[in-house]
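Subject: Structure handover

Hello,

Here is the structure I said I would pass on. My notes on it follow below.

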Amino acid sequence: MPVSAAASAREILVRLHDVMASRNPAQSKLNQVVQIIGEAIGSEVCSIYLLREGVLELFATRGLAEEAVHVTKLALGEGLVGTIAEDVEVLNLDEAASHPDFAYKPETGEDRFHSFAGVPIIRRERAVGVLAVQHSEPRKYADVEIEALQTVAMVLSELIANAGLIDAAGAAGARPQMTASIRLSGQKLVEGMGSGFAVFHQPRIVIEHTVAEDIDAERRRVYAAFDKMREQIDRMAREAEFGVAGEHVEVIETYKMFAYDEGWARRINEAIDSGLTAEAAIERVQQRTRQRMRQIDDPLLADRMHDLEDLSNRLLRIVSGQMGTAAQMGLRQDTILIARNLGPAELLEYDRRRLKGVILEEGSLTAHVIIVARAMGLPVLGRVRDVRRQIADGDHLLLDVNEGSVLVRPTLAMEEAFDAKLSLRQKRRAAFAALRDVPPVTKDGHRITLMVNAGLRDDAAALDTTGADGIGLFRTEFQFLVSATLPQRERQQRLYRDVMEAAGDRPVVFRTIDIGGDKALPYLNVEAGDEENPAMGWRALRLALEREGLMKAQARALLEAGAGRTLHVMFPMVSEAWEFDEAKALFEAQRVWLNGRGRRLPLEIRYGAMLEVPALAEQLDLILPNVDFLSIGTNDLTQFLFAADRANPKLAERYDWLSPSILRFLRRVVEPAREAGVRVGVCGEMGGRPLEAMALIGLGFDRLSITPAAVGPVKAMIRSLDRAGIAQEMARLLAKPVRDMRGALGAWAATNGVELA
Ligand code: PEP
Ligand code: MG
């Protein structure tokens, strides 16, 4: 036996290379392959079993009876060969017959042989066959021998795929967990249902060539790829602090650890030494790691494995030059997009018409990518674990975020049940749509103003489909997020004018850009690049007031777009009253300037502030006399009130919007505002949930700006609600809160016939 795995594998690979390059038929190539391997590692038997029509068939052998070729067949899980394929695991036995899965096949004449080693032939993480060696002498094979077999199996997988010896459907059969229907659960980030096919945001690289022509060249390719990957990770680490990447600092720290791990780089180099191409070497090392990790049942390590898997894919993309995301590759119809996490701009790169839903391994309810997805009407299921191992590219998926789950590879019966539910949901939506023209009035006659949140040009259409009273929050930064460069004033103006025109008489509240936190712009945030805590950093109005040019351009765009109308302007993240005064003064100065040049101007400008930083609640007496309206941004307010990062998935479910702290805080704001005659509403995601909206109305709010999809359900809730009743219940609950406020409010709604979709 050769002394090292690399030397042994290399010798075989050099010979295999010639076989593969020849024009012989596939069967004759396989016959040569078993001879070469058998000779090279001095084994009495070397056999190749391939999966055909879901069954493992002996395709070539040296040492077993020739008559058994294409005759001996094993089902998945049957015998040692079937077990190897099913588990995608190696078996190394000194006495094959004593293994519980051993199945004797008399036609092979294998009873003379005692020791047995078999490795799966893997393609796209699934076993498509088995390479096995046998000896008459009972002995365990050395690790180096197993290594050599695995390397050879990798090359074989290329050969048999190119020869068309395996069918894709058969390959899928090799791993029951990848063929059986399964249900994965996750967190409901954007409710809805969708049926489609799995597409990974970062597609898996298919390795075309496994045997190296020039080992030094392959080594250089890997060095260069490592350098590039390290550069990328270092940049991500810098940007993560400002949230650009949408990834978590913790994850990036782990990436960094692996990226600089000499052991990993060394193992890849060793695999190249054994004769593999750079791509095949990276994948070979990854296969080995996967295999080791499967034997360790530790969730923490599994997470780290996941990170290494990501990084290994990144390295593969770099080395193979296949860098694009699925957005650049032409999506099929009915795509369900799968990603670890996405930034808002990354999601906006996709063609909305082809997307049916999104599955994220991370994600949290108020992260901006979720707000964008909601605006796009895309259901999103978050925090789904271990997706890559459970879902394969192209798998049929039934996404039911209302249930918090996704069905992978559904059966016909599941599809039928899903379709029935979908049509029921469509009927319910149709019922909500029928509420379009009925006003949101409570049972005791209070008219609630229901507006929608928007940010994209097409969102204005939601006004007509929902019958909402206007746009209560237009997130102007979305235009900045989807642009590669700063949108010039004319472009801004065109967007604002189009939106106002689409809205007609209904008001549109334009919020000036709220950049920062998880909405960082690479072309704007250079100065803020090293912030430790961007959500609390130089963002929104803080940035805009100091970058006067930016704010002035936006002011002029809004003032000119609003010519002849009432313009509503709202400032984000106002933390002290003077910030509002300064922002308003800046707008007013622009108005005077434009007026001086004879430009047509808005008939009236109404200025409002967002209350989303708790400090502002202590300055209500200072700000209320100067504002025309207040709008409470509960997304940010909650993160600041609880000191809980809104984008951190670990905190995603920790605090409830119905907690007494939030509800009492909101009451503390709504009461003085009403006394001062200032309109106050809620524009965070909270208001779009019927139970939360009920609580808000109970606190005295009568203006909500919510996601368009929520207008129907919230309107139905309002029309079944007695406002005086809920006001009394809220007063009672807030005087003496119970731990489970959600439960208590739900129970009240049920006994009082409040319709909660
Ligand atoms: C909020 O913070 O509640 C809000 C509406 O603004 P955004 O989600 O855009 O930060
Ligand atoms: Mg906010």
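Gln590 touches Lys552, Ala555, Arg556 and Leu559, leaving aside residues up to four places away in sequence. Gln590 belongs to helix α20, which covers residues 577-596. Its relative accessibility is 9%, and because the cut-off for buried is under 20%, Gln590 counts as buried. Please keep in mind that this is a predicted model.

Ile726 has 0% relative accessibility and so counts as buried. With residues up to four places away in sequence not counted, Ile726 touches Met694, Ile697, Gly698, Leu721, Leu745 and Trp748. Leu620 is 106 residues from Ile726 in sequence, and the two C-alpha atoms are 26 Å apart in space.

Now the ligands. The magnesium ion (ligand 2) is coordinated at 2.1 Å by Glu612 through OE and by Asp636 through OD. These two residues are 24 apart and link distant parts of the chain: Glu612 sits in the loop between β19 (604-611) and α21 (620-623), while Asp636 is in helix α22 (residues 634-641). Are the two residues buried or exposed? Glu612 is buried, with a relative accessible area of 2%. Asp636 also counts as buried, at 2% relative accessibility.

The shell around ligand 1 holds 16 residues, and the closest are Arg475, Arg511, Glu612, Asn635 and Arg646. An N or O atom in the side chain of Glu612 is 2.8 Å from an oxygen atom of ligand 1. The backbone takes part as well: an N or O backbone atom of Thr634 lies 3.1 Å from an oxygen atom of ligand 1, and a polar backbone atom of Gly633 is 3.4 Å from an oxygen atom of ligand 1. Ligand 1 taken alone exposes 290 Å², and the protein buries 100% of that.

Which elements give two or more residues to the shell around ligand 1? They are α12 (368-376), β16 (471-475) and α22. Of these, α22 gives the most, with three residues. By residue class, the shell divides into seven charged, five polar and four nonpolar residues.

Helix α3 (residues 79-87) is worth a separate look. This helix is mostly covered, with seven of its nine residues buried. The buried ones are Gly79, Leu80, Val81, Gly82, Thr83, Ile84 and Ala85. Their cover includes β1 (45-52), β2 (55-62), β3 (73-75), β4 (91-93), β5 (115-123) and β6 (126-135). After α3 comes Val88, which has a positive phi, near 50°.

Lastly, the chain as a whole. The chain contains 27 helices and 22 strands, and its C-alpha atoms fill a box of roughly 95 × 55 × 40 Å along the principal axes. Of its 757 residues, 58% are buried. Among contacts between residues at least 6 apart in sequence, 69% join residues at least 24 apart. The chain exposes about 30600 Å², and carbon and sulfur atoms supply 49% of that area.

Regards

Conventions
Residues numbered from 1 in each chain as written. Chains lettered and ligands numbered in written order. Predicted model: local features only at pLDDT ≥ 70, side-chain atom pairs only at ≥ 80, totals over all residues. Heavy atoms only, no water. Donors = N, O, S within 2.8 Å, 3.2 Å for Na, K, Ca; no water. Helix = DSSP H or I, 4+ residues; strand = E, 2+ residues; numbered from the N terminus. Buried < 20%, exposed > 50% of the residue type's maximum accessible area, 1.4 Å probe, protein only. Near = heavy atom within 4 Å. Polar contact = N/O pair within 3.5 Å; in protein donor to acceptor, adjacent residues only side chain to side chain. Areas by Shrake-Rupley, 256 points an atom, 1.4 Å probe, with all protein chains shown as cover. Nonpolar A, V, L, I, M, F, W, Y, C, P; charged D, E, K, R; others polar. Contact = heavy atoms within 4.5 Å.
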